[in-house]
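I opened this model to look up its strands, domains, contacts and core. My entries follow in the order in which I looked.

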Amino acid sequence: MGTFLANLILAGVRMASPLIFLSLAELYSQRAGLVNIGIEGIAAIGSLTGFLVSLITGSPLLGVLAGAAAGILVNMIFAYATVTLCAEQIVYGMAINIFAPALAAFIYRVYFGSGSELVQAGLMGTFKNMLGIKSNHFLVNLFLDQTPMVYLAFILVIVTAVYFTRTKSGLNYKAVGEYPKAAATLGINVIGIKYLSCVICGALAGIGGAYLTTCYSRTYVDGNIAGRGFIALAAVIFGRWNPGGVLIACLFFGFCDALQIRLQLINNTLPYQFFQMIPYVATIVVLAIIGAKKAGPKSSGQPYRKEER
Amino acid sequence: MNRKWIAMTLAGAMIASMAPAFTAYADDTRTVAMICDSSISDGGWGMACYNAMIDAAERCGWETMYSDSIAQSAYYDTIVSYCDLDVDMIYAPGNQYTDAVLQAAEEYPDIAFALLNGNEATPEKAANGNVSSLLPDATQIGWIAGALAGLMTESGTIAFIGGMELDTTLAKYDGYGKAAAYVAEANGKSVTLLDPVYSGDFSASDKGIEFAKAMIDQGADVFFGDASAVDSGARQAIDEANEANGAIKIYDIAQPTDLLGQNPCVIGSQVTDNAGLIELSMKAVEEGTFGGETLFGTLQNGVLSAGEVNTEIVPEDVQTAYAGYIEEMKAGTFMQ
């Protein structure tokens, strides 16, 4: 395999990994009928929490767990507002996108003061490093030069696929997103599942954010989520609300982003902005083709009122 | 009833918390406000510009305020917010703020606007003559990094990472490439400078990682950048590549402050004394002479310099040769 293509694939996987967590977060939310556009904000708070805990404890793993906890905490605002108070989901999702990154920036300033020193935390090791493997073969790098979080992302995709299609609990979960009133008549705890979806969504989005500061970059910078939360929304639609489809979508977006970086290097005739457009143009094109037919949960975005007929 | 009390208490607390901000402007102390689209703790441009403002303000007895990590769409609104607080000077460290600064300067004629890296022609465009450009010589900045790159490269391939395609960035890239080629040729080597790449913003450290990895794949062994936190990401990738190789063979030249020791791969820095330029601007405000001019920063007037060289990595003969080239630059004989 050519070096260019091999390195492109490796970069694509690196850049897709945080997207997988964020997209699965959105998938769990939407499968329970909750459209959460606040993934970007939840990931921001997860990213900061992960960074701080990793820095303080020296353990990136604890950072990831703390990121998940912070994500759950922030998403409980969304849960209470949209599930208990039946408020508009889009509005609260947007509110979280405004509030959470600002809160992250505020906490960072409070913790580090107005100092301007670059703070760097340690990163989670890869299996290749842990095993002391020196080979730079493409397959070794692809399968072993990854942090445990990358394996977790792929395992979660499989677990989610099995859960939604092969388990009674998963089918009940999906029923809440399709016809909550019918699900309630079958004795399914609709409110409970919606809250559970918010816990899972918050945890995964927090982990996705924490991944950036515990597995990818040593530093925390405001705005480091850089629109990934919104790409996750597109990935869920692109993936037709199926875990396998979502995985392909994330790999596609990661590949496009990696491609634009490498195309800038080999082409000096076109303006660099042209290449930076590639992931977004690809998103629009794919959504225009695939997103034309509605395939999402039927009650997605609609509030569930127990007493309403 | 309880909700009303809670709401009133919260509102009262918010107003009380803002009180110190208002009292700060009650005395005669002058205030400078900085806006920045990167973080002040980015370990690069944002950090250096913030520290420069703090240093200059301390020397002149001014108060400081800042907003960092602001989006491009918020440049103008942020500047105007500070203007409404009646600050004495807006300090905008970057060519990318030019349009927002000119618009705000027209609406607030009594406020001074210091545009670091502003174009030479920008002050003339200000309707009220209240804009000055602080302009470190970008070509000389490129030379300082390029000379060291030309001496240190072993693969003959060097790289440059930009944040946005600004005039100053292009001038740095041009100076970097020309100086590296000149120095390399003088030492019996040849150098290829990879095409410049741009992250599109100054916060994407992950993009810096990916750019550096891609450029290392293309054989680059000396890096220079003009992209703030993106440069920090690039240094991380370079350090990782060096760790994997078991030796430091890929290097980074930092700017605009001396960052020796921040990362193992940093072999030297190009240093810009922005504080000196800001101090001159503050004094001009105090004397009522501010505006309509460009304050240049060069090697000759001491605003630009070469930072410390990493003596553990850079051989002694290279250090000597590099010091010689810097002297040539100061004397105006470099590449003549």
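Entry 1, conventions. I take two strands as paired if DSSP finds at least two bridges between them. Helices (H or I, at least four residues) and strands (E, at least two) are DSSP runs, numbered from the N terminus. The model is predicted, so I note that local features need pLDDT of at least 70 and side-chain atom pairs count only at pLDDT 80 or more, while totals for chains, interfaces and linings use all residues. Residues are numbered from 1 along each chain as its sequence is written, and chains are lettered from A and ligands numbered from 1 in the order in which they are written.

Entry 2, strand β11 of chain B. Strand β10 (residues 251-254) of chain B pairs with β11(B) in the parallel sense, over three bridges. There, Asp252(B) stands opposite Val266(B) of β11(B). Strand β13 (residues 304-306) of chain B pairs with β11(B) in the antiparallel sense, also over three bridges. Ser305(B) in β13(B) is the bridge partner of Val271(B). For burial I use C-beta atoms placed from the backbone: a residue is buried if 20 or more others lie within 10 Å of its own, exposed if 12 or fewer, and partly exposed in between.

I read the bounds from the assignment, which is automatic or from a database. Domain 1 of chain B is 2-137 + 274-297 and domain 2 is 139-270 + 304-331. Their centres, taken over C-alpha atoms, are separated by 31 Å. The contact between them takes 19 residues from domain 1 and 18 residues from domain 2; I count two residues as in contact if their C-beta atoms, placed from the backbone, lie within 7 Å. On the domain 1 side, helix α2 (residues 45-60) of chain B gives the most, with five residues. That side has four nonpolar, twelve polar and three charged residues. The classes are: Ala, Val, Leu, Ile, Met, Phe, Trp, Tyr, Cys and Pro nonpolar; Asp, Glu, Lys and Arg charged; the others, Gly among them, polar.

I found 32 residues of chain B in contact with 29 residues of chain A. On the chain B side, the elements that give two or more residues are α2, β8 (197-198), α8 (205-217) and α9 (229-245). Of these, α8(B) gives the most, with nine residues. By class, the chain B side divides into twelve nonpolar, 13 polar and seven charged residues.

Which residues have the most contacts inside the largest nonpolar core? They are Ala235(A), Met53(B) and Phe113(B), in a core of 199 residues. A nonpolar core is a set of buried Ala, Val, Leu, Ile, Met, Phe, Trp, Tyr and Cys residues joined through C-beta atoms within 7 Å. Helix α10 (residues 190-216) of chain A gives the most to this core, with 14 residues. Leaving aside neighbours within four places in sequence, Ala235(A) has contacts including Leu19(A), Val246(A) and Phe253(A).

Phe290(B) lies in the loop between α10 (274-287) and β12 (294-297) of chain B. Is Phe290(B) buried or exposed? Phe290(B) is buried, with 23 other C-beta atoms within 10 Å. Phe230(A), in helix α11 (residues 228-238) of chain A, is partly exposed, with 17 such atoms within 10 Å.
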